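This report describes one protein model for a reader who has not seen it before. The sequence and structure come first, and the description follows.

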Amino acid sequence: MRYLLAYYSGTTSQWRCLDTDLLPQQIDRAEDLPAALENAPMIALSWMLERRAFGSYQAAGAGKNDACVMVYELEPSAASPLGNGNDYVGPWLEMFMQANEPIGTIALAARKPIPEEPTISALRQLASTPLQATDEACQQTMDRIRDYAPSAAEHADATPAAKKQETA
């Protein structure tokens, strides 16, 4: 079987969709979708733009919301309007969703918060302190910029002028 999965991304404030033909494994039943998505984490991440755990598939969707993935059935042999999945197809998807009813939903678990570990806390502390021109790291960066600037100018002067080519 072939399915269209639609998910509302709060990150981009738009509906995003995935044609299951892009998944590396064949999907025989809608109930297999959560496992197929878990087995293709990079495809799921590029589609959803965030990591979420997939719950079970439930037949006959309970409405469109951001806590689930809407599952629509597609014709197995129809050409996909989605291409490789990177193009924005918002208007097409809006019309498709208005003209078709989902056959089910896949529940989404809440996003997992980043754990508060000592290293993350220390990194956040470092990031919150502004850079000071007197810091050793800042001085080293400025020295590298000064060292690079003359060599870049010399390189530009050493580049021969482009010759105009004649065409036959």
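Trp92 is partly exposed, at a relative accessible area of 28%; buried stands for under 20% relative accessible area, exposed for over 50%, and partly exposed for what lies in between (1.4 Å probe, protein chains only). The model is a predicted one, in which local features need pLDDT of at least 70 and side-chain atom pairs count only at pLDDT 80 or more, while totals for chains, interfaces and linings use all residues. Residues are numbered from 1 along each chain as its sequence is written, and side-chain values use heavy atoms, with hydrogens and water left out.

**Aromatic rings**

Trp92 and Phe96 are 4 residues apart in helix H3, about one helical turn. Helices (H or I, at least four residues) and strands (E, at least two) are DSSP runs, numbered from the N terminus. Rings of Phe, Tyr and Trp (its six-membered ring) pair if their centres lie within 6.5 Å; planes under 30 degrees apart count as stacked, over 60 as edge-to-face and the rest as tilted. The whole structure holds 4 aromatic pairs, and the table gives two of them.

| Pair | Centre to centre | Angle between planes | Type |
|---|---|---|---|
| Tyr72 and Phe96 | 5.3 Å | 75° | edge-to-face |
| Trp92 and Phe96 | 5.1 Å | 20° | stacked |

Tyr72 belongs to strand E4 and Phe96 to helix H3 (residues 90-99), so their pair ties together parts that are 24 residues apart in sequence. Tyr72 is buried, with a relative accessible area of 0%, and Phe96 is also buried, at 14%. Ring pairs join Tyr72, Trp92 and Phe96 into a cluster.

**Helix H2**

Which residues of helix H2 are buried? In this helix (residues 41-48) they are Ala44, Trp47 and Met48. Seen down the helix axis, they fall within an arc of 85°, so they line one face of H2; the arc is that of the directions from the axis to the C-beta atoms. These buried residues pack against strands E1 (2-9), E2 (14-19), E3 (54-59), E4 (68-74) and E5 (104-108), and against helix H1 (33-38). Just after H2, Leu49 has a positive phi of about 65°.

**Asp19**

Asp19 lies in strand E2 and is buried, at 3% relative accessibility. The side chain of Asp19 reaches the backbone nitrogen of Asp21 at 3.0 Å. Contact means heavy atoms within 4.5 Å. Leaving aside neighbours within four places in sequence, Asp19 is in contact with Arg2, Tyr3, Leu4, Leu74, Ser80 and Leu82.

**The whole protein**

The protein has 5 helices and 5 strands, and from the N terminus on its elements run β-β-α-α-β-β-α-β-α-α. Of its 168 residues, 27% are buried. Among contacts between residues at least 6 apart in sequence, 68% join residues at least 24 apart. The protein exposes about 11,700 Å², of which carbon and sulfur atoms supply 55%; accessible areas come from the Shrake-Rupley method with a 1.4 Å probe, and for residues only the protein chains shown count as cover.

**Confidence**

The average pLDDT, the predictor's confidence in each residue from 0 to 100, is 79 for the protein, and 77% of the residues score at least 70. Confidence is highest in H1, at a mean of 94, and lowest in helix H5 (residues 136-158), at 70. Where pLDDT is low, the predicted coordinates should not be read in detail.

Technical notes. A polar contact is a pair of N or O atoms within 3.5 Å; within protein, one must be able to donate a hydrogen and the other to accept it, and residues adjacent in sequence count only if both atoms are side-chain atoms.
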